[in-house]
Amino acid sequence: MPSKTPPKPSKQRAIKSATAPTTAVARAKPRSAPKTVRPAINDDFIVVKGAKEHNLKNIDISIPRETLTVITGLSGSGKSSLAFDTIFAEGQRRYVESLSTYARQFLETLDKPDVESIDGLSPTISIQQKTTSHNPRSTVGTVTEVYDYMRLLFARVAKPFCLSCEKPISSQTAQQIVDRIIELPEGTKINILAPIIRGRKGEYGKELVAMRQKGFSRVRIDGEVLDLGQDISLDKQKKHDIDVYVDRLIIRPAPPGSKGFDPMRGRLQESIETALKLAEGLVKVEQPDLKEDNETLYSEKFACMDCGVSYPAPEPRTFSFNSPMGACPECNGLGYFVAEHDEDAEDDDASKSVTAAIDVWTTCAKCQGTRLKPESLFFKLQGRNIAELSKLSIGRLAEYFATVELTPRELLISERILKEIRDRLQFLLHVGVAYISLERPAQTLSGGESQRIRLATQIGSSLVGVIYVLDEPSIGLHQRDNDRLLETLERLRDMGNTVLVVEHDKDTIERANHVIDLGPRAGTHGGELVAQGTVHEVCANPRSLTGQYLTASCASRCRPTGARSIC
């Protein structure tokens with residue numbers, strides 16, 4: 001059969017075949033879509049356009065990111081309207097809008113400020129001059145989180161004392177007890193004893209027989225060492241102390257070639273565990289070669305066997321006056337009571353009114369204003385409890401933690417905790433609040449103190465890429481403290497944040513990277529952008545009253561030297 005000739009492709013198919021390679025090439029190298037070119041200024045600047053909030057008169061401003069920018073001008077010229085009511089308000093509004101519908105229903109609806117647009121806006125945090133909290137349980141320590149880290153530190157390394165006899169007691173696991181004993185000098189002789197009876201009346205004949213049957217040969221009864229093989233008769237009307245000798249050892253290092261196995265340590269571990277089991281969590285370690293302080297009591301429980309006082313194992317909540325575990329049961333952690341007084345006292349009787357005001361606050365007699373349970377106050381760090389440390393000024397507290405002495409094991413446990421405490425205290429020192437104590441209620445702080453404390457807290461949080469807005473943080477500061485404050489603001493900036501400060505202080509303006517001068521006057525005569533740029537650029541602007549003030553201040557410090565002046 002003759003083969004069939006394949007049909008010729010139609011003209012239309014031929015055209016498609018001819019164009020196929022072109023299509024393939026086009027797919028391999030697709031035509032790039034035109035890129036949307038954003039103004040470069042938006043990457044490095046916060047661009048505000050058409051700001052008309054309050055008395056602002058449709059102003060346009062560009063603020064460099066990651067700089068210390070001061071917004072200055074006469075009072076009433078629109079500084080706060082720009083910083084807080086426009087930039088911060090829009091940042092907050094956008095944050096709320098980013099939340100889910102469910103979350104937004106619990107938050108107040110924020111109105112959009114009167115501004116056309118703000119580009120380059122990142123998360124904003126406002127630190128204004130206002131009381132941080134009206135909650136009576138809020139203190140400087142809780143606001144700054146220093147007290148929280150102190151609670152954690154006390155739960156880990158503070159030493160317990162009996163609240164009755166004030167003698168030190170200790171509590172560890174068997175492994176921790178062995179670790180402590182191993183730290184004794186090489187060659188130290190030790191006796192391991194189990195205190196099975198502590199200050200109780202009785203004959204205890206059965207207990208002594210049981211100890212002999214278990215293989216123990218010696219006991220110490222009321223300070224006298226006796227052999228369990230002999231007849232022992234005790235007066236049942238008197239209180240006795242009975243300690244069973246479990247083992248005798250000499251502290252020695254592991255032998256060479258032991259490959260991690262230490263026979264002496266293994267024997268010590270076994271003896272300690274035996275003593276703890278016999279004495280229900282207690283063990284005594286005696287150093288017979290010492291004449292004084294030759295005995296240490298270790299406990300798996302926080303208990304004083306002399307007084308019968310026992311504590312639960314400490315937790316951070318043990319030292320919290322906002323937790324039932326640590327709060328004084330009388331005042332519920334407030335430290336005071338609200339006393340009753342005559343609310344109908346006559347207004348014209350000044351003495352009665354003053355007396356009534358004073359008598360409102362009465363210190364709790366049980367905790368003496370410390371807010372904590374008595375047992376929480378008997379955990380001490382170098383002789384001080386957590387309430388005593390909270391009473392110290394921040395300056396003295398920083399000195400205390402800079403020189404606190406801990407054992408190598410305690411340092412290993414608390415190294416990171418101590419770093420957080422020391423860093424936060426240094427932040428507080430740098431913002432000029434060294435005279436304040438951690439126990440001070442937050443509601444008693446002035447606006448400036450509250451703002452500076454919140455500033456120190458923000459530095460401790462180590463956030464990056466945030467816009468911080470502050471309101472005249474230098475108010476009330478000594479010049480030395482003002483210099484420290486400026487260093488703190490610069491540190492916040494150097495961490496990668498944008499710091500906007502509403503300020504009149506000359507030193508702050510001169511240290512700023514960027515200055516925005518609003519005016520020229522106040523109220524309806526203000527709200528205009530008079531000048532912006534570096535300090536020198538603002539000083540060179542003849543319309544800027546701030547520039548004139550800075551120039552005059554500089555000129556007043558100039559002293560002629562020959563043909564030139566040094567400023």
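Colleague: Which residues of α7 and α9 meet each other?

Modeller: Contact means heavy atoms within 4.5 Å, and helices are DSSP runs of H or I with at least four residues, as strands are runs of E with at least two, numbered from the N terminus. Here Ala174, Gln175, Ile177, Val178, Asp179, Ile181 and Ile182 in α7 meet Met264, Arg265, Leu268, Gln269, Ile272, Glu273 and Leu276 in α9. The residues of this contact divide into nine nonpolar, two polar and three charged, where Ala, Val, Leu, Ile, Met, Phe, Trp, Tyr, Cys and Pro count as nonpolar, Asp, Glu, Lys and Arg as charged, and the others, Gly among them, as polar. This is a predicted model, in which local features need pLDDT of at least 70 and side-chain atom pairs count only at pLDDT 80 or more, while totals for chains, interfaces and linings use all residues. Residues are numbered from 1 along each chain as its sequence is written, and side-chain values use heavy atoms, with hydrogens and water left out.

Colleague: At roughly what angle do the axes of α7 and α9 cross?

Modeller: Axes are lines fitted to C-alpha atoms, for helices over the stretch in contact, and angles run from 0 to 180 degrees between N-to-C directions. The axes of α7 (residues 174-182) and α9 (residues 263-278) cross at roughly 130 degrees and come within 9 Å. Angles under 35 degrees count as roughly parallel, over 145 as roughly antiparallel, 65 to 115 as roughly perpendicular and the rest as oblique; α7 and α9 are therefore oblique to each other.

Colleague: How do α13 and α15 pack?

Modeller: The axes of α13 and α15 (residues 479-494) are 8 Å apart, at an angle of about 125 degrees, and that makes α13 oblique to α15. Phe427, Leu429 and His430 of α13 make the contact with Asp481, Arg484, Leu485, Glu487, Thr488 and Arg491 of α15, and these residues divide into three nonpolar, two polar and four charged.
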